[in-house]
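Here are a few notes to read alongside the model. Have a look at it first, then work through the points.

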Amino acid sequence: MSFVVLTAEWFHETNTFNRNLTEYHSFMDRFGFFGADAIRERGDANTELAGFLDVARRHGWETIHVLSASAEPAGYVTRDAFDRLGGAIVKAAMENKDKLSGILLGLHGAMVTEFNEDGEGELLRRLREVVGPTMPIAITLDLHANVTPLMCELANIICSYKTYPHVDMRERGNQAGEILHRAMKGEIRPRTLRAHRPMLDEANGGRTDIGPMVSRVAEAVAYEKETGVYAVSINAGFGNADIADVGPTVLVTYDGDEAQHRAFAESIMDDIWQKRFDVLNNYMPVEEAAAIAKAYTRTKGPIIIADYADNPGGGGYGDSTNLLAALLAAGIEDAAFGPMVDPEVAQQLRAHRVGDKVSLQLGGKTDPRFGGGPLHVTAELKLVSDGAYTGDGPMVGGLRLSFGPSAVIQVDGIEILVTTEPAQMLDLQQFRAFGIDPAAKTVVGLKSMQHFRAAFEPIAGQVIVCDSGALCTTYLDRLPYRNVSRPIYPLDRQMAR
């Protein structure tokens with residue numbers, strides 16, 4: 001029997017403290033493709049869509065792919081953007097509901113809109129209104145999803161990434177598709193349970209390269225081999241969302257009796273709660289990071305300094321100047337830094353020629369309270385670009401992406417990539433496409449939280465992390481929460497569960 005499956009990818013991680021709304025053009029500017037264009041761009045890379053299509057080919061499905069769209073993490077998704085993109089998915093379901101066998105979606109799990117805290121739950125609610133309660137729906141989620149009870153109620157199958165840095169998108173797409181296939185055949189009737197604790201996020205943001213998540217993921221994979229268990233997802237949560245259902249969750253997609261599977265999920269969740277104080281990283285001040293870089297002697301590779309707090313991949317503005325200022329003050333030489341998100345400067349530099357000396361007010365313009373105000377610098381213009389690059393690393397290899405109008409400037413001993421669009425550093429091509437070879441430098445300062453490790457650790461002689469005081473600060477108690485359910489850790493550090 002041939003099945004007809006509706007597919008789509010729609011991603012947003014909403015930092016509710018970010019003052020910039022996420023509009024329709026925000027999705028189109030990062031990537032927004034419809035139908036065959038989406039398949040052409042993303043259908044044979046490390047994407048959920050590629051995993052969906054792998055399953056479709058194996059089992060002879062007919063797929064109706066609606067769209068693939070993602071905006072860089074920022075503030076609330078506007079009603080217009082939600083209704084246009086979510087509406088396209090719902091409309092396709094309505095137009096094809098009489099022949100659909102199932103629905104398979106790649107989502108993030110931390111979308112917050114102007115009108116609803118639970119963007120994914122709202123999309124699923126609208127889809128259920130169209131297709132009814134019995135059609136199987138499978139979704140994939142980012143490891144940093146804030147999974148709500150409504151999402152678990154309305155999606156039969158949930159498969160979250162098991163890696164951070166995220167390198168298993170295609171694999172999770174395959175997993176979700178295979179479970180959906182069995183459900184459409186009537187072999188299984190899966191549903192998903194949820195365990196949760198009052199925390200903003202897992203102590204180490206869910207990193208899976210070291211630390212307690214390594215053994216938790218191993219337990220999850222082993223438990224997936226148990227009878228009646230199809231997927232186990234350990235979500236670190238996204239603490240920069242000021243919503244009621246924030247925080248880490250453990251999910252089990254299963255069939256049959258719930259009690260045993262709930263006990264397993266709760267045991268993993270207990271471990272996350274009990275280890276809430278066990279932070280692996282030392283988030284040093286920028287001055288300390290600069291001093292370490294100044295003393296660094298290159299042997300095997302550069303020292304990588306990651307500014308966790310100004311991570312555009314978590315909704316940071318990308319224009320914090322505190323780390324760059326510290327590096328300049330320390331007299332750092334033979335260095336690269338990026339990105340510095342400053343559309344005004346990127347546009348200003350387009351009026352100059354390579355080699356020109358230019359006086360600039362660089363960075364710090366969005367909200368100087370978070371990460372520092374503009375730096376007055378005299379720079380030499382090294383390159384002007386449209387910002388396009390094609391990834392070649394483990395996360396975005398083969399995908400065409402763009403920083404928008406961009407430039408490279410030299411300020412003292414540091415080459416600085418200035419961009420229009422925010423994006424965290426997670427691929428070497430984000431430097432190399434603009435004439436900077438990070439592997440050849442002594443010091444590389446970049447804005448990223450964890451994803452940089454996939455591509456940059458292999459070239460590094462040393463890795464350190466710092467907190468510039470920007471919007472994605474790891475000290476969450478410094479942010480003005482109003483909507484989370486209290487008490488909650490770490491805002492209420494002395495609480496008992």
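1. Which residues are buried in helix H11 (residues 322-329)? They are Leu323, Leu324, Ala326, Leu327 and Leu328. Buried means under 20% relative accessible area, exposed over 50%, and partly exposed in between (1.4 Å probe, protein chains only). After H11 comes Gly331, with a positive phi near 70°.

2. A word on the ground rules. This is a predicted model, where local features need pLDDT of at least 70 and side-chain atom pairs count only at pLDDT 80 or more, while totals for chains, interfaces and linings use all residues. Residues are numbered from 1 along each chain as its sequence is written, and side-chain values use heavy atoms, leaving out hydrogens and water. Helices (H or I, at least four residues) and strands (E, at least two) are DSSP runs, numbered from the N terminus.

3. Searching the whole structure turns up 37 salt bridges, each a side-chain nitrogen of Lys or Arg within 4 Å of a carboxyl oxygen of Asp or Glu. One of them joins Glu95 and Lys91 (4.0 Å, N to O). These two sit about one helical turn apart because they are four residues apart in helix H4 (residues 79-96). Both Glu95 and Lys91 are exposed.

4. Now look at Arg216 and Glu202, whose salt bridge has its closest N and O atoms 3.0 Å apart. The pair links distant parts of the chain, 14 residues apart: Arg216 is in helix H8 (residues 212-223), Glu202 in the loop between strand E7 (191-196) and H8. Arg216 and Glu202 are both buried.
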